[in-house]
Amino acid sequence: MNKNKPSLKRSFGTALTVVVGIIVFAYGVKVTNVNFETTRSENRLTQLQRVIRALVRPDIIEYETVDTIIEIPFYLPCPEGQEIEVPAADTSQPYLTASEYCGSPGDLIVINGHNFTPHSRGPINFFTASGVKKQLGNFETDGDGNFELEIELPTRQPVEEAQHIQAIARLRVGSPKFTETAKVTWEKIIETVFMALLATAIGTAAAIPISFLAARNLMSENKSPLTTVAFSIVGWPVGIYLGLEIYGLVRDFLSPYTDNALYMVLGILAGTVIIYLLFKAIVKPEETQKMPHAIHTILRLILLFLAVITVIGLMIFLKSILRSAGLALMEHFEFLGFLGNFLFQVGESGYLVIPAVSALSIGGAIGSALGKIGQRISDKSPASVVKIVNLIAMPLATALLFVLVGGALDWFYQINNPVRTLYWPAGIGGAIGFILAVITGPKQPLPTGMAIYFIVRTILNGTRSVEALVMAIVFVIWVGIGPFAGSLALALHTVAALSKLYSEQVESILPGPVEAVQATGANHLQTIVYAIVPQIVSPYISFTMYRWDINVRMSTIIGFVGGGGIGFLLQQNINLLDYRAASVQMLAIAVVVALMDYISSVVRERMV
Amino acid sequence: MLEIKNLTKVYEGGTQALTDVSFSVEPGEFLAIIGLSGSGKSTLLRCINRLVEPTSGQIIWNGQDITAASQDEMLRIRRKIGMIFQHFNLVSRSKVITNVLAGRLGYVNPAMSLLNRFPKSDHEMAIRQLERVSIADQAYKRADELSGGQQQRVGIARAMMQEPDIILADEPVASLDPVLAHSIMQYLETINREDGVMVLCSLHFLDLVHRYADRAIALNKGRLMFDGSPEEIDDEKFKEIYGKEAERIG
Ligand SMILES: Nc1ncnc2c1ncn2[C@@H]1O[C@H](COP(=O)(O)OP(=O)(O)OP(=O)(O)O)[C@@H](O)[C@H]1O
Ligand SMILES: [Mg+2]
């Protein structure tokens, strides 16, 4: 009997759950304006019918039409004592028959049409002997091209001669052709697919390196002492600043030469040769070197620096020559215009890419070089020296970081108050750095890898949670309405999404082979290339295909916010109530998405 | 000469894997490491090439303290220490030859190696090493198409590409049948005898220890319990190493 008690309790619980459930859904119905009354309203049903009928008749194919007049003679009134001749109709052409061929004004007669274009409309006119036209009605043919229409004969002055009843038929001539809508839709769907392709390509290229930074198993091993951390924190921003400055200097130095084809070609040749020579000198295996290690290292650094400058110069020359070649192609060979434009745009992107590459590579180089120096100090010096170095370097590093953050805040909120955006951050940063340097042991390895991992993950999660549509709005403001904005938005979203998928793939690789390759004395990059890459190539490809699939879907609607592609057209036609045109675009989207779905699934199956 | 001095390893979770282990190995010696599962054999071997960071103690090789080496120096040290694993640890999607060439990564020009370019001499050496373990005909197959015994031979070839002074073998035959086990052990023996490479090999079966090792050390719960010739392991020693309930089977 005791057992009833818990079961009573349980029933009560169930009842409560049901009640709560009903309340939740009732509220949901209220806030989402659910109204089934509207679904039955006469007026709306006819509208729905109209739209659906338009949708199932996409405006893809059209015929050239001519208006043809088909007529029969008619006597108003009937001539007395005279037989009316009914002309024999050519039944291979559209023709009319009438229930009567004469009558009095106001009589009702039935006109039948045969062999007309199916589902066509047109007027039925009464054509008087004096050439006056009066419309009697409109016909609409059925699926076989026939119609039947009752008309009332007009009231007119009686005339002896034959007058005419005419049907004006819209007749198809020639072979079917694609409509203007179909053509525009085709152009836009191509644009859409290429938007997706570009976004996927850019996104993938960026996501691969980022995914390594976001993989826990790779990052958790990276530990550095505080000295290394402090030195590289200082190195990065300094390097980025230097990178931008060096770019500016090289650009200004080369600017007199970048509008002359001969100089450009010579510059590119010379640059390539210099880089090749420098590269050979830099990567010479250290066994063949007789110099002491320190001098050798410094020499290599100098060569590397020269190589970086040469690469920047070479990229500037390349950029200019691509732009000029593109322009020339566009001007002189019209049919190669799109190739010319491609070259021009690749060159043009150099204005954005070269400073970025220069800043990041020099930033990275100086960051890691200083980090190495820090590591060396930490490895080789006694703990007390390391402690002192930390006490100086760490406050500097954090102060610099805080000043940069302060600068960013100043830019966002236009504070314009150096006390609050410069001195205070420097002071607070310095203090924090000092405290960190005091509390951490001088040579204690810090989980720098995990710190980077968490930062990258956080940024990725943040970026991923912003819909591509929302990003597109921002990019539309930056680069204007059009497919470029859409591609950038999709690319950014792709980077975030793919980085996460990729990094999870990296996290699931077998650690054994990685360990084995590390044990041979391979460095970080070699380990990645020989032990990790072979394990992740095929999942990476399959994820990329999957992403392309998603990007095609996304790019079909990104036009809604001005991001280019077919969505823009679709939205326009819906707003214009041109449902037959909208139907073409919907059809195109459905076909392309289904096709992509199929292709990507086939490719993925092959790969895995 | 390899000297291990007071080596201690405490894993992050607090597991005491090695406690104050000291011993030394002469050049050209074949040393077996025995002990129950979990006694710290793998940890010991991995400390020597610092795949595992020792907590304290020193590992001194030819006068250099491996535990104090910087990251760059460690790469240089590692390339002279080959390692062979219980589960072979080949990159299964790569070709056999690529797996073998990976043994040269510590020597070759890093930039070129990233482009999968190795000197011709390295290619020839790879084929020679594969011939030595009698699987040169498998060179261009994918590694996962090979049987376990063949894969372990690829592992040996990879280690030999390093022109090693030391080979660390972590239960190299534990996933193989007894016949294959002997053939793999014989390859290690040849390397040890002909090339004079020092071999440190953890083993589970005492008959293999008797048959191949010059000397054996035994670990129990991370402590060194025995250090001497394999013949000295009598029933009493055996119970000390493996516990009171253990029975000899081989
Ligand atoms: N990465 C790790 N993190 C934490 N603890 C570990 C790790 N690797 C091993 N251990 C622990 O250290 C102890 C020694 O392990 P080890 O793998 O060295 O033993 P083993 O003698 O090689 O055993 P087996 O014969 O099973 O391979 C065990 O208690 C194990 O659980
Ligand atoms: Mg083990």
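How many residues of chain A are in contact with chain B? I looked this up before anything else.

**Entry: ground rules.** I am working with a predicted model, where local features need pLDDT of at least 70, side-chain atom pairs count only at pLDDT 80 or more, and totals for chains, interfaces and linings use all residues. Residues are numbered from 1 along each chain as its sequence is written, chains are lettered from A in the order in which they are written, and side-chain values use heavy atoms, without hydrogens and water.

**Entry: the interface.** I found 27 residues of chain A in contact with 35 residues of chain B. Contact means heavy atoms within 4.5 Å. Next I looked up the buried area, about 2600 Å² between chain A and chain B. This is the accessible area (1.4 Å probe) that the two parts lose on being put together, summed over both. Carbon and sulfur atoms give 55% of the buried area.

**Entry: charged pairs.** I noted 3 salt bridges across the interface of chain A and chain B. The rule asks for a side-chain nitrogen of Lys or Arg within 4 Å of a carboxyl oxygen of Asp or Glu. Glu515(A) forms one with Arg46(B). Their closest N and O atoms are 2.6 Å apart.

**Entry: which helices touch chain B.** I listed H9 (337–380), H15 (511–519) and H16 (524–557) of chain A, each supplying at least two residues of the side that touches chain B. Helices here are DSSP runs (H or I, at least four residues), numbered from the N terminus. H16(A) gives the most to this side, with 8 residues.
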